[in-house]
Amino acid sequence: MDNEAPNTREQGNPFTSVPIEIMVSVGHARPLIKDLVGLGENAVLTLDKRVEDPVELYVGGTLVARGQLEEMNGDQAGQLAVRLTEITDLQSGLG
């Protein structure tokens, strides 16, 4: 996080401190129902993405960014994180 002071508009806006939920989508699967009900413990469900493909970040169902999955090091070793590589302009969307 930057150590810059927030601008004065943010300081006076009560909504800037409201937490939001970000959904990170790593891929999709479209199995047949007969295949889905046959899945058991340790089954593997293949997704439409590769490990190196970008993930998509959504807020309220709206795509807001893309990024790469990373694994944290140090005190947070093993924790997943997303390095943002593309951020949408909410007026015109991602390019």
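Modeller: Two strands are taken to pair if DSSP finds at least two bridges between them. The model is a predicted one. Strands β2 (residues 55–59) and β3 (residues 62–71) run antiparallel and are joined by 5 bridges. Within this pairing, Leu-57 stands opposite Ala-65 in β3. Strand β3 also pairs with β4 in the antiparallel sense, over 7 bridges, and here Leu-69 faces Val-82 in β4 as its opposite residue.

These pairings belong to an open sheet of 4 strands, in the order β1-β2-β3-β4, with antiparallel pairing. Its edge strands, β1 (23–25) and β4 (80–87), each pair on one side only. On average, neighbouring strands of the sheet are turned by 40° against each other, direction ignored. Of the 8 residues in β4, the number buried is 0, so this strand lies largely in the open.

Glu-56 has a relative accessible area of 15%; because buried means under 20% relative accessible area, Glu-56 counts as buried. Its side chain makes a polar contact with the side chain of Tyr-58, at 2.7 Å. When neighbours within four places in sequence are left aside, Glu-56 is in contact with Met-23, Val-24 and Ser-25, and also with Leu-63, Ala-65 and Arg-66. Ala-65, one of these contacts, is also the residue in β3 that stands opposite Leu-57.

Definitions and conventions
Residues are numbered from 1 along each chain as its sequence is written. This is a predicted model: local features need pLDDT of at least 70, side-chain atom pairs count only at pLDDT 80 or more; totals for chains, interfaces and linings use all residues. Side-chain values use heavy atoms; hydrogens and water are left out. Helices (H or I, at least four residues) and strands (E, at least two) are DSSP runs, numbered from the N terminus. Axes are lines fitted to C-alpha atoms, for helices over the stretch in contact, and angles run from 0 to 180 degrees between N-to-C directions. Buried means under 20% relative accessible area, exposed over 50%, partly exposed in between (1.4 Å probe, protein chains only). A polar contact is a pair of N or O atoms within 3.5 Å; within protein, one must be able to donate a hydrogen and the other to accept it, and residues adjacent in sequence count only if both atoms are side-chain atoms. Contact means heavy atoms within 4.5 Å.
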